[in-house]
Amino acid sequence: MFRRLRDKLGGPQQAISPQLAAIYAPKLVTEDTWSELEEALILADCGMEATDALVAHLRAEAREGRVTSGATLAQELWREVARQMSPEPARIPLGGEPTVILVIGVNGSGKTTTIGKLAHRLASLGQSVVIGAGDTFRAAAIDQLAVWAERAGAQLVRQGPGADPGAVTYDAIAAGKARGADVVLVDTAGRLQTQKNLMEELRKVASVAGKLDPESPHETLLVLDATTGQNGISQARLFDEAAPLTGVVLTKLDGIAKGGIVLAIRHQLGVPVKLVGVGESLEDLQPFDAEAFARAIFAPPGDA
Ligand SMILES: Nc1nc2c(ncn2[C@@H]2O[C@H](COP(=O)(O)OP(=O)(O)OP(=O)(O)O)[C@@H](O)[C@H]2O)c(=O)[nH]1
Ligand SMILES: [Mg+2]
């Protein structure tokens, strides 16, 4: 993933932000370095809490004489990010009969694309996949999913536009059970975390998913656009209230040298990143690798 992400970012020199690059350049770490670092981390969407924790850690390292130059600072920074991001492996266990994965998030974050890529990935691992077209809001959404399902060789369970998303979810899980599928992926309509009635609808979808199997949904993945910024925290918090999250999928990581938002989410909500999207094609979904992520976003180019 690291190489692909770096490639996608258009070359190693563009992988980290110019602000971080400037801090890594000087030979000596001075008092100014800390405020510059703080600013660079905020600009990378790390959020105040994670930023404070990182800066405090690095200052302590400096006091111990382990961080003296821009180069040692860079090393310590990306390694600490990797450490913070990897307390547990980001797995999606596939033990359910079938394993039900609910995919949620705001409009345009990449839910449907992620489902297509995930179906493809699972199918290539020999898993049989059913996809539930739970975004019944627009006819085009169902058609878009049908294209992805066909490409991935997955079965699609759909109803007409305007159908009850809970009913589609129920049907998809029932079909998955009847057909002995390994995984059921449920797409949902995009919604703002502040739209109370739509969040209530999501709560219902999650509870309907539990009717055929109390363990279901086994996974509830919040799809988050890496360019979202600090609104991602509010998204994670409010979606989690409607349908308790088991993980985050960070999409569009190919577009920017940001992504610190996952650090903020990990720090403030304890939700792990499980997958990352690094492009629009079928192969562009990768399991989250804390070290690769930390290197790609925080390590200086020479450190690759
Ligand atoms: N560059 C890039 N684009 C992505 C990625 N994931 C999704 N996209 C693009 O983002 C746009 C929206 O993706 P969708 O999958 O339709 O998003 P959605 O969350 O299903 O949107 P709604 O159903 O309208 O809420 C599309 O143009 C995708 O190709 C990614 O990892 N990288
Ligand atoms: Mg969609």
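Pro-217 is placed in the loop that runs between α9 (196–209) and β5 (219–225). The peptide bond leading from Ser-216 to Pro-217 is cis, and its omega is near -5 degrees. The model discussed here is a predicted one.

A cis peptide bond is also found between Glu-97 and Pro-98, where omega is about -5 degrees. Pro-98 belongs to the loop between α5 and β1 (99–104).

Another backbone feature concerns Asp-45, whose phi is near 75 degrees. This is a positive value in a residue other than glycine. Asp-45 is located in the loop between α3 (31–43) and α4.

## Domains of the chain

According to the domain assignment, the chain has domain 1 (2–88 + 299–303) and domain 2 (99–287). The C-alpha centres of domain 1 and domain 2 are 32 Å apart.

## Packing of helices

| Helix pair | Angle | Axis distance |
|---|---|---|
| α3 and α4 | about 145 degrees | 10 Å |
| α4 and α5 | roughly 135 degrees | within 10 Å |
| α10 and α11 | about 45 degrees | 9 Å |

The pair α3 and α4 may be considered at the outset. Helix α3 passes α4 in a right-handed crossing. On the side of α3, the contact is made by Trp-34, Leu-37, Glu-38, Leu-41 and Ile-42, and on the side of α4 by Thr-51, Leu-54, Val-55 and Arg-59. Sorted by class, the residues of this contact between α3 and α4 are six nonpolar, one polar and two charged.

Helix α4 (residues 47–63) also packs against helix α5 (residues 70–85), and their axes cross at roughly 135 degrees. The two helices, α4 and α5, are therefore oblique to each other. The crossing in which α4 passes α5 is right-handed. Leu-54, His-57, Leu-58 and Glu-61 of α4 meet Leu-73, Glu-76, Leu-77 and Glu-80 of α5 in this contact. The contact of α4 with α5 comprises four nonpolar, one polar and three charged residues. Leu-54 of α4 takes part in the contact with α3 and in the contact with α5.

The remaining pair in the table consists of helix α10 (residues 231–242) and helix α11 (residues 261–269), which pack at an angle of about 45 degrees. Helices α10 and α11 are therefore oblique to each other. Helix α10 passes α11 in a right-handed crossing. From α10, the contact involves Gly-232, Ile-233, Ala-236, Arg-237 and Asp-240, while α11 contributes Ile-261, Ala-264, Ile-265, Gln-268 and Leu-269. The contact of α10 with α11 is made up of six nonpolar, two polar and two charged residues.

## Surroundings of the ligand

How many residues surround ligand 1? The number is 21, and the closest are Gly-110, Thr-112, Thr-113, Gly-190 and Gly-277. Helix α6 (residues 111–124) supplies the largest share of the shell around ligand 1, namely three residues. By class, the shell around ligand 1 holds three nonpolar, 12 polar and six charged residues.

Definitions and conventions
Residues numbered from 1 in each chain as written. Chains lettered and ligands numbered in written order. Predicted model: local features only at pLDDT ≥ 70, side-chain atom pairs only at ≥ 80, totals over all residues. Axes fitted to C-alpha atoms, helices over the stretch in contact; angles between N-to-C directions. Helix = DSSP H or I, 4+ residues; strand = E, 2+ residues; numbered from the N terminus. Parallel < 35°, antiparallel > 145°, perpendicular 65-115°, else oblique. Left-handed = near helix turned anticlockwise from the far one by under 90°. Contact = placed C-beta atoms within 7 Å. Nonpolar A, V, L, I, M, F, W, Y, C, P; charged D, E, K, R; others polar. Near = placed C-beta within 6 Å. Domains from an automatic or database assignment.
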